[in-house]
Amino acid sequence: MSVLRVRGLRHRYPDGTQALEGVDFELDAGECVAVLGANGSGKTTFVLHLNGLLEGEGSIEVCGIPVRKENLKQVRAKVGLVFQDSDEQLFMPTVLEDVAFGPMNFGIPPDQAIAGSRKALEQVGMGEAIRKAPYHLSGGEKRRVALAGVLVMNPEILVLDEPTTSLDPPAQRELLRLLRSLPQSKLVVTHDVALARGLASRAVFFEHGRIAAEGSVDEIAERFNWTPQSVSLDHR
Amino acid sequence: MHIPDGFLSAPVWGTFDLMAIPAVSAIARRAQRGIQERDIPLLGVMGAFVFAAQMINFPVGPGTSGHLVGGALLAIALGPAPAAIAMTAILAIQALVFQDGGVLALGANVFNMAIVGVLAGYLPYRAWSGVSRSFAVFAAGLLSVLASGCLALAELLVSGVPMPRHVLFISLGFFLMNAVIEGAITVAAIRAIERLNPRLLRSPQRSSSSLIAVMAVAAVVLAVAGILVASANPDGIEQLARAHAPAWLNSPLADYQVHGIESLWLRRAAAGVAGLVLIYGACVFTGKLIARRSV
Amino acid sequence: MHHVVVEQWSRARSPLHRREPRAKLGALLAFLIAVSTSDARAQPAFAAYAVLLGAAILASRLPAAALLRRAALVLPFSATFALITWWSGDPWRALALAEKSFLSGLAALLLIATTPVTDLMRGLEALRVPRMLILVIQFLYRYLFVISEQAQHMRLAAASRSGWRFRSAAGALAVLFARASERADGIYRAMLARGFSGRFPAFSRPHFHTADVVFLCASVSASAAIRLAL
């Protein structure tokens with residue numbers, strides 16, 4: 001059963017450059033797919049279409065709902081997007097208010113929204129931080145709160161844009177552990193091949209605005225030489 | 001230029017608090033076209049930017065540096081009404097969180113810097129951009145700080161803060177110097193922003209009636225200067241009154257009594273305040289004018 | 001930034017911290033009005049105001065010396081005007097100027113040192129301050145330190161490279177502006193992604209309890225009594 005179906009997605013930037021040149025993609029329920037590719041290859045542009053933040057040509061269906069202007073709110077309840085910059089995502093003055101922002105936008109009464117938010121924060125291990133200001137959190141903590149803000153809406157699909165950027169190794173491990181425990185279908189845009197290996201059953205490789213290849217994470221990494229460990233210390 | 005508490009007399013801060021409340025409410029209630037709740041993050045972040053930018057020092061000479069105030073920059077970048085809200089937010093945080101500027105004096109500070117300062121930072125830009133953009137921006141920065149500074153001085157004078165002639169001139173000179181610096185910083189900043197990404201700034205609507213804009217600028221400047229002169233005049237008379245009738249002049253209700261010499265002071269003070277009301281009216285009028293022309 | 005200390009203070013616990021933000025605001029306003037309208041020669045009144053603030057400092061369980069030091073930051077500005085006033089032949093007014101500005105500054109500091117900014121904003125909102133202004137202030141405060149840090153980093157980076165000049169400052173300003181603008185776009189996208197459709201959700205309002213009413217009445221009466229009697 002596919003929760004996400006993309007057909008022929010094309011997008012042109014205002015200045016004329018073609019960002020996406022006909023992308024076809026499918027995500028099945030419970031699957032986790034890694035999205036790899038060079039900076040500027042269209043990965044982030046692609047995921048921004050999935051909840052209607054960007055509009056392009058072609059068709060996108062989320063759990064059978066076509067992503068169109070009329071359905072955006074419905075779609076956004078199903079697709080939880082965790083942005084690359086957590087400081088932009090955590091814009092409310094306290095952690096609790098930020099996580100409750102989503103449910104309250106969907107008309108859930110404040111008490112219920114707050115109760116749900118507390119649960120989501122517990123789930124990501126940030127239950128103690130409810131009254132804290134996001135400014136005082138570390139990178140990893142912010143990422144987890146952002147995730148809670150998305151989980152509280154019970155989405156079908158989790159989309160994560162470079163989730164381990166600027167996290168120290170312990171925080172990276174913690175995030176990986178947390179993500180593995182979540183049942184939602186996942187799409188992870190990342191440069192972190194270790195994360196991809198740990199999470200994804202499948203990977204796609206973006207190049208110049210289209211998917212150049214598909215396969216297991218190892219296959220893709222090998223084919224495109226996508227591991228950072230290619231610098232040899234042996235100079236002989 | 002942030003007036004702390006303890007300087008302004010009750011009639012002055014009271015009047016300004018009463019004036020600022022409806023003014024800010026009107027602006028905030030989207031009386032000017034085009035501000036919606038979706039713009040709130042932009043206003044907040046821009047306010048944070050100006051706040052942070054105010055702490056950057058601009059070396060202007062050996063051992064001296066100037067700082068941005070930002071009214072003109074915000075007005076040029078966001079438009080006058082959003083800029084007014086952002087400046088009000090900045091002033092509120094400065095007063096409540098950093099004790100920079102008084103709480104009772106907030107109305108006066110908001111009027112000086114968020115309303116008049118922003119308007120005086122926008123009208124020249126609007127009126128003269130066609131002539132020379134750099135000059136228009138420089139004038140905007142300069143007039144913004146000069147207008148707020150003169151108003152602040154006027155409010156202090158009307159409150160009875162003694163200011164001997166030469167101190168007054170030194171203060172004016174000080175404000176003029178800061179005004180020139182603000183103009184220079186604003187121009188440099190705008191130019192640098194345009195070099196970086198021209199799309200970040202909105203271009204001023206070509207005003208088919210820049211005559212009205214020029215008149216509005218002149219009106220604000222003249223009114224401010226006039227108020228300053230009028231407020232400065234009772235100085236000598238006040239000194240006399242103090243010397244000869246200290247007892248009842250210094251009683252708490254002196255401001256409200258109408259006896260002999262004090263009535264003269266009161267009349268001039270009333271004139272000062274009335275003039276300020278006129279400025280306020282001029283600002284609202286020209287503001288509405290701009291809003292209509294923006295359609 | 002020194003403000004970090006005030007933030008920590010605001011999250012401490014004490015009888016004063018526990019009071020409702022509107023009650024504290026009301027007490028502050030009453031105090032400020034009393035001080036502002038006090039006659040310059042009413043020195044006993046100023047002493048009494050100081051005692052009142054002393055009691056508030058005790059109730060806040062915050063370090064008095066640090067509070068006084070921070071409140072004293074207003075003094076250089078006031079001292080200048082005070083000197084001018086003294087020199088103009090009005091020593092009482094000069095003294096009153098310094099006393100009034102210091103007492104007012106200390107009182108305002110006590111408010112923010114015992115009330116987290118977010119609670120203060122909730123209080124202001126409950127007092128019918130326009131919602132748009134409250135929200136803008138909220139966002140401003142949220143990103144104030146983020147952007148200030150960026151500014152500091154830029155300053156350090158540029159100063160160590162080519163020295164800090166007018167040009168460098170203008171360039172730094174432009175970059176800060178551009179980043180702020182981008183950030184605003186990012187925030188808006190994040191808002192949309194979580195269902196924002198035009199209005200910010202309203203959160204719960206603070207509630208008055210008996211203790212708050214008692215506190216408010218007591219503070220206002222104390223300020224009024226000093227003002228009228230001394």
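Chain B of this predicted model contains eleven helices and two strands. Along the sequence, the order of elements in chain B is α-α-β-β-α-α-α-α-α-α-α-α-α. Chain B has 295 residues, and 53% of them are buried. Of the contacts between residues at least 6 apart in sequence, 78% join residues at least 24 apart.

The mean pLDDT of the chain is 78. A value of 70 or more is reached by 66% of its residues. Helix α2 of chain B (residues 40-53) has the highest confidence, at 95. Helix α10 of chain B (residues 246-249) has the lowest, with a mean of 43. Two stretches of chain B call for caution. Residues 235-241 of chain B have a pLDDT below 50, and this stretch makes ten contacts in the model beyond near neighbours in sequence. The pLDDT is also below 50 over residues 244-263 of chain B, a stretch with 22 contacts in the model beyond near neighbours in sequence.

One residue of chain B was examined in detail. B:Ala105 sits in the loop between α4 (80-96) and α5 (106-128) of chain B. B:Ala105 counts as buried because it has 29 C-beta neighbours inside 10 Å, and the cut-off for a buried residue is 20 or more. Leaving aside residues up to four places away in sequence, B:Ala105 touches B:Ile3, B:Pro4, B:Asp5, B:Leu8 and B:Trp13. B:Asp17 is 88 residues away from B:Ala105 along the chain, yet their C-alpha atoms are separated by 7.5 Å.

Chain B also meets chain C. In this interface, 64 residues of chain C are in contact with 59 residues of chain B. On the chain C side, the elements that give two or more residues are α2 (21-37), α5 (75-87), α6 (91-113), α7 (117-126), α8 (131-162) and α9 (166-193) of chain C. The largest share comes from α9(C), with 17 residues. By residue class, the side of chain C that touches chain B divides into 43 nonpolar, 13 polar and eight charged residues.

Helix α1 of chain C (residues 3-10) has a buried side. Its buried residues include C:Val6, C:Trp9 and C:Ser10. These residues lie on the same side of α1(C), because they cover an arc of only 100° around the axis. Part of the cover over the buried residues of α1(C) comes from α6 of chain C. The exposed residues C:Val4 and C:Gln8 are on the face of α1(C) turned away from its buried side.

Backbone angles in chain A were also considered. Most residues other than glycine have a negative phi. A:His208 is not a glycine, yet its phi is positive, at about 50°. A:His208 is found in the loop between β9 (202-207) and β10 (210-215) of chain A. With 14 other C-beta atoms within 10 Å, A:His208 is partly exposed. A:Asn225, also a residue other than glycine, has a positive phi near 55°. A:Asn225 belongs to the segment after α9 (217-223) of chain A. A:Asn225 is exposed, with 7 other C-beta atoms within 10 Å.

Key. Residues are numbered from 1 along each chain as its sequence is written. Chains are lettered from A and ligands numbered from 1 in the order in which they are written. This is a predicted model: local features need pLDDT of at least 70, side-chain atom pairs count only at pLDDT 80 or more; totals for chains, interfaces and linings use all residues. Helices (H or I, at least four residues) and strands (E, at least two) are DSSP runs, numbered from the N terminus. A residue is buried if 20 or more other C-beta atoms lie within 10 Å of its own, exposed if 12 or fewer, and partly exposed in between; C-beta atoms are placed from the backbone. Two residues are in contact if their C-beta atoms, placed from the backbone, lie within 7 Å. Ala, Val, Leu, Ile, Met, Phe, Trp, Tyr, Cys and Pro count as nonpolar, Asp, Glu, Lys and Arg as charged, and the others, Gly among them, as polar. pLDDT is the predictor's confidence in each residue, from 0 to 100. The arc is that of the directions from the helix axis to the C-beta atoms.
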